Amino acid sequence: MGKREEGRATRIQSETSEVPKPLRLLFIGFLNQVTKVIETPNTDSYLHDWIKNAQIIQSMLKIKKNIAISDSGFVFDPGTGDSYSLNPTGLEIVQLIKSGKSYQEILQEMLAKYDMDGESFERYFYDFTTTLKQMRLTDPHGED
Amino acid sequence: MEKIKLTIALSGLNNIDSPGPGIPVTRGLRDSLKIDPKIIGLAYDNLEPGPYMHELIDKTYKVPYPSDGIEPLLERIRYIHEKEHIDVLIPNFDSELFTFMKSEKILKEMGIRTFLPTMQQFEERHKSNLPQFGEKYGINVPYSEPIGSIMDFRKIEDKFEYPVVVKGKFYDAYIAYDFEQIGIYFNKIAAKWGLPIVIQEFVKGTEVNVVALGDGNGNTIGAVPMRKTYITDKGKGWGGITLEDPVMLELTHKIISQTNWRGGMELELIRTSDNELYMIEINPRLPAWVYLAVAAGQNLPEALVLLAMGMEVKPFTHYDVGKMFIRYSYDMICDLKEFEQLSTKGEL
């Protein structure tokens, strides 16, 4: 086992609840607390911001190369020592981003798999990726 | 390979809520595949836990406080050496380092080896000299000034913005938000650790640390960066995790190579939200969390002893990232007879 894998080997109990349908947001939370639910604001101003920033969604987001993500949804940033817990949906999306898929490809996959509308997903996706950026888990130079 | 039998005397056996590094250093030495150590504890207080931890400490001697002067301490060391034939001595307290550095030559003549910073290295990294240190070696440091009285601060108040950090020359640091608080902390620290008190610019960010070992020729033998994940109300790390941080390591290598640092050190750094590193302190010894470095693959206590013995030590090239420590407290049951023996005879 490599050095990085050793860090990843830590397993924690992640949220194991079924993926809700239609998709709801419970993507990411701090590990050291009870998994935090990021509430999605649902106001007109939020929607306005969302439309304004829709371009960001279209760009390709990259997760930092050194971020370790285990199958359980445990995320470890070796640069800061911070760790996070993703629920299964969040993990699925992070893995899709990490595999280099574009937003459109991710959207297609999620629409095929889950009962939801594209507009809602886009809003949730933007909210989620903004959180990832705030947590400095994305590569600041990684966007196309 | 056969292990080298060595008698190693060390202090810092106060494995309490603000722990000394003696026990973690001992654990590193006990883990060594190269050294078969006999550990001689040097204790200042009858209630330090180390002397009663017989699976780690073979024999303990009480020693006089450094403030009693060099001669009483040397006399006691001479007595212990006669009985135990000490090969290497590792002082683990900041407050005793000066005394042992001053006595390095005498100890060497007695046949006791140490591996300590030089007096110049020790003096120039003092908290009160930090701005000059930063300027000399091109390192970001927060602005600071030493003061001898609270009224001294009035004269330099314009140079600072609140909050500021009020620091003792050896230990203790408090964040003060106004002049009144500076006065309170000044008196509190001065009563315990003496003067000067250092007033330091407050740099907002995350505290990160590096434990490192320099060979005295500018080479870094080992270095492991860490972030405290749990901090006690005394500011001590009760949990920590090793980091992958090339910038912190580069800074450590730079400091060690430019100063030709000899011995163990702990770098205390602040990483700002802009990802800039500020050095807030260099502790001239291995820290109490050194066993995390051992567990991550760098047995720095072992390397320090081998360097003290004049042996060649190859620099460590890797460590495990994401290795964690979680400190815990434990009620050790001790026999009154042992306490009596240490209290009355000064030996256990």
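Biologist: Which residues in helix 6 of chain A do Gly90(A), Ile93(A), Val94(A) and Ile97(A) in helix 4 of chain A meet?
Modeller: The model under discussion is a predicted one. In it, helix 4 of chain A covers residues 88-98 and helix 6 of chain A covers residues 118-134. Gly90(A), Ile93(A), Val94(A) and Ile97(A) of helix 4 meet, in helix 6, Phe121(A), Phe125(A), Phe128(A), Thr129(A) and Leu132(A).

Biologist: Over the ring of which residue does the charged end of Arg123(A) sit?
Modeller: The distance from the charged end of Arg123(A) to the centre of the ring is 5.8 Å. The ring is that of Tyr124(A).

Biologist: In what order do the six strands of the open sheet in chain B lie?
Modeller: The pairing in this open sheet is antiparallel. Strand 13 and strand 14 (324-326) of chain B each pair on one side only, as the edge strands. From one strand to the next, the twist averages 30 degrees. The order is 13-12-9-10-11-14.

Biologist: Which residue in strand 13 of chain B stands opposite Leu267(B)?
Modeller: Strand 12 and strand 13 of chain B pair over six bridges in the antiparallel sense. In strand 13 of chain B, the residue facing Leu267(B) is Ile282(B).

Biologist: Is Thr272(B) buried or exposed?
Modeller: Thr272(B) is placed in the loop of chain B between strand 12 (262-271) and strand 13 (277-283). Leaving aside neighbours within four places in sequence, its contacts are Val203(B), Lys204(B), Gly205(B) and Tyr278(B). The cut-off for burial is under 20% relative accessible area. Because its relative accessibility is 13%, Thr272(B) counts as buried.

Biologist: Which residue in the turn between strand 9 and strand 10 of chain B has a positive phi?
Modeller: Strand 9 and strand 10 of chain B run antiparallel and are joined by seven bridges; Asn209(B), for example, has Met226(B) in strand 10 as its bridge partner. The two strands form a hairpin with four residues between them. The positive phi, about 90 degrees, belongs to Gly216(B).

Biologist: Which residue in the turn between strand 10 and strand 11 of chain B has a positive phi?
Modeller: Five bridges join strand 10 to strand 11 (residues 237-242) of chain B, and the two run antiparallel. Lys228(B) has Gly240(B) in strand 11 as its bridge partner. In this hairpin five residues lie between the strands, and the positive phi of about 80 degrees is that of Gly235(B).

Biologist: How many of the 12 residues of strand 10 of chain B are buried?
Modeller: Helix 11 (residues 300-308) of chain B lies across strand 9, strand 10 and strand 12 of chain B. Strand 10 is largely enclosed by the rest of the structure, because the number of its 12 residues that are buried is nine.

Biologist: Which residues of helix 1 of chain B are buried?
Modeller: Seven of the 10 residues of helix 1 (residues 22-31) of chain B are buried, so this helix is largely enclosed by the rest of the structure. The cover over them includes strand 1 (4-10), strand 2, strand 4 (88-90), helix 10 (290-295) and helix 11 of chain B. The buried residues are Gly22(B), Ile23(B), Pro24(B), Val25(B), Thr26(B), Gly28(B) and Leu29(B).

Biologist: What is the arrangement of the rings of Tyr44(B) and Tyr65(B)?
Modeller: The count of aromatic pairs over all chains is 13. For Tyr44(B) and Tyr65(B), the ring centres are 5.3 Å apart and the planes stand at 20 degrees. Planes under 30 degrees apart meet the cut-off, so this pair is stacked.

Biologist: How many residues apart in sequence are the parts that the pair of Tyr44(B) and Tyr65(B) ties together?
Modeller: Tyr44(B) counts as buried at 8% relative accessibility, whereas Tyr65(B), at 43%, counts as partly exposed. Tyr44(B) lies in the loop between strand 2 (35-43) and strand 3 (59-62) of chain B, and Tyr65(B) in the loop between strand 3 and helix 2 (70-84) of chain B. The separation in sequence of the parts tied together is therefore 21 residues.

Note on methods:
Residues are numbered from 1 along each chain as its sequence is written. Chains are lettered from A and ligands numbered from 1 in the order in which they are written. This is a predicted model: local features need pLDDT of at least 70, side-chain atom pairs count only at pLDDT 80 or more; totals for chains, interfaces and linings use all residues. Side-chain values use heavy atoms; hydrogens and water are left out. Buried means under 20% relative accessible area, exposed over 50%, partly exposed in between (1.4 Å probe, protein chains only). Contact means heavy atoms within 4.5 Å. Two strands pair if DSSP finds at least two bridges between them. Axes are lines fitted to C-alpha atoms, for helices over the stretch in contact, and angles run from 0 to 180 degrees between N-to-C directions. Rings of Phe, Tyr and Trp (its six-membered ring) pair if their centres lie within 6.5 Å; planes under 30 degrees apart count as stacked, over 60 as edge-to-face and the rest as tilted. A charge sits over a ring if NZ of Lys or CZ of Arg is within 6 Å of the ring centre and within 35 degrees of the ring normal.
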